[in-house]
Amino acid sequence: MKAPVRVAVTGAAGQISYSLLFRIASGEMLGKDQPVILQLLEITPALEALKGVAMELEDCAFPLLAGIVQSDDANVAFKDADYALLVGARPRGPGMERKDLLEANAAIFSAQGKALNDVASRDVKVLVVGNPANTNSLIAQRNAPDLDPRNFTAMTRLDHNRALSQLANKTESSVNDITHLTIWGNHSSTQYPDLHQAKVAGESAIEKVDQEWYESDFIPTVQQRGAAIIKARGASSAASAANAAIDHMRDWALGTAEGDWTSMGVYSDGSYGIQEGLIYSFPCTCKNGDWEIVQGVDINDFSRKKMTATEQELAEERDAVAHLLP
Ligand code: NAI
């Protein structure tokens, strides 16, 4: 058996974590031969609820669960962490403007970035789930100057998975037949789900669907899916978000499928003309615990406009919190 790795999860008493933690502990994220120590962070008022979650984790008697740490101190929860899933965030309250939301989260994610910088493993892999995920990831990254910016990512895998299912339904195929789909940009309603490279059983997806469906049905459905879930369920996506977090981390740690790619919000190096330093979702492959932006994807005028619109939104979010960035 391998030595245990340390997996920090914030917002550990919340909805997403209630699905996520059990799947990490059962080995679905890092493999059935990898023991884990869960290091759980919550705000002080939620520590009692967190205790209940920890009791349930114990009651599963997971063979791979080598320990549980519970804390309201980021320096404890992130100590030597090899993986950090930042799920906890400040939700939008009544009367809160977008700017207020950005600022409230900037406070949380700057403190967590500093703590990661101070105490986490130098190779820590950070996934930000809490919204606004891309900008929260950017804030954490900017507050962790001693860590490689490539260690910070944001989750667009749920959007990617939503797009896979929508396309599979439309083309009466299986998600297993679909490859090379991309979510570009922000995890928000400006994201651009791109089918131009996508394949269904090896054949061009865009040629199998009509442009009208692509533009007026597929793209808005994927962009608005989060809101549609809230309307139907009365609560935001939780199990599917946890599933996407598992997929994102598993691929990053263990590699993407040969001959395919996935979508990850990662530190832009200027690829495809996207401003350097933004956390922007690109097509990525992963190997040996590292990710790479896929190069050479053809970008037509339609795609370029949509990629730029979502880039502009991310630049505006960054600028709105610029006074809080080091
Ligand atoms: P939730 O409200 O059920 O749980 C959030 C938990 O975070 C709460 O227990 C809260 O006490 C905790 N928390 C708040 N501030 C914290 C801090 N500073 N440190 C540690 N813990 C803190 O919310 P849920 O449903 O679990 O969602 C979590 C976040 O994930 C939300 O921001 C949501 O918008 C986002 N989300 C992102 C998705 C994506 O695709 N990127 C998809 C779905 C949700």
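Visitor: What makes Arg250 count as buried, partly exposed or exposed?

Guide: Its relative accessibility of 27% makes Arg250 partly exposed, because buried means under 20% relative accessible area, exposed means over 50%, and partly exposed lies in between (1.4 Å probe, protein chains only). This is a predicted model, where local features need pLDDT of at least 70, side-chain atom pairs count only at pLDDT 80 or more, and totals for chains, interfaces and linings use all residues. Residues are numbered from 1 along each chain as its sequence is written, and side-chain values use heavy atoms, with hydrogens and water left out.

Visitor: Why is the pairing of Asp247 with Arg250 called a salt bridge?

Guide: A salt bridge needs a side-chain nitrogen of Lys or Arg within 4 Å of a carboxyl oxygen of Asp or Glu. The closest N and O atoms of Asp247 and Arg250 are 3.3 Å apart, so the pair qualifies. Both residues sit in helix H10 (residues 239-254), about one helical turn from each other.

Visitor: And what is the case for Arg250 with Asp251?

Guide: Here the closest N and O atoms are 3.6 Å apart, so this is a salt bridge too. Asp251, at 9% relative accessibility, is buried. Through shared partners, salt bridges join Arg157, Asp247, Arg250 and Asp251 into one network.

Technical notes: Helix = DSSP H or I, 4+ residues; strand = E, 2+ residues; numbered from the N terminus.
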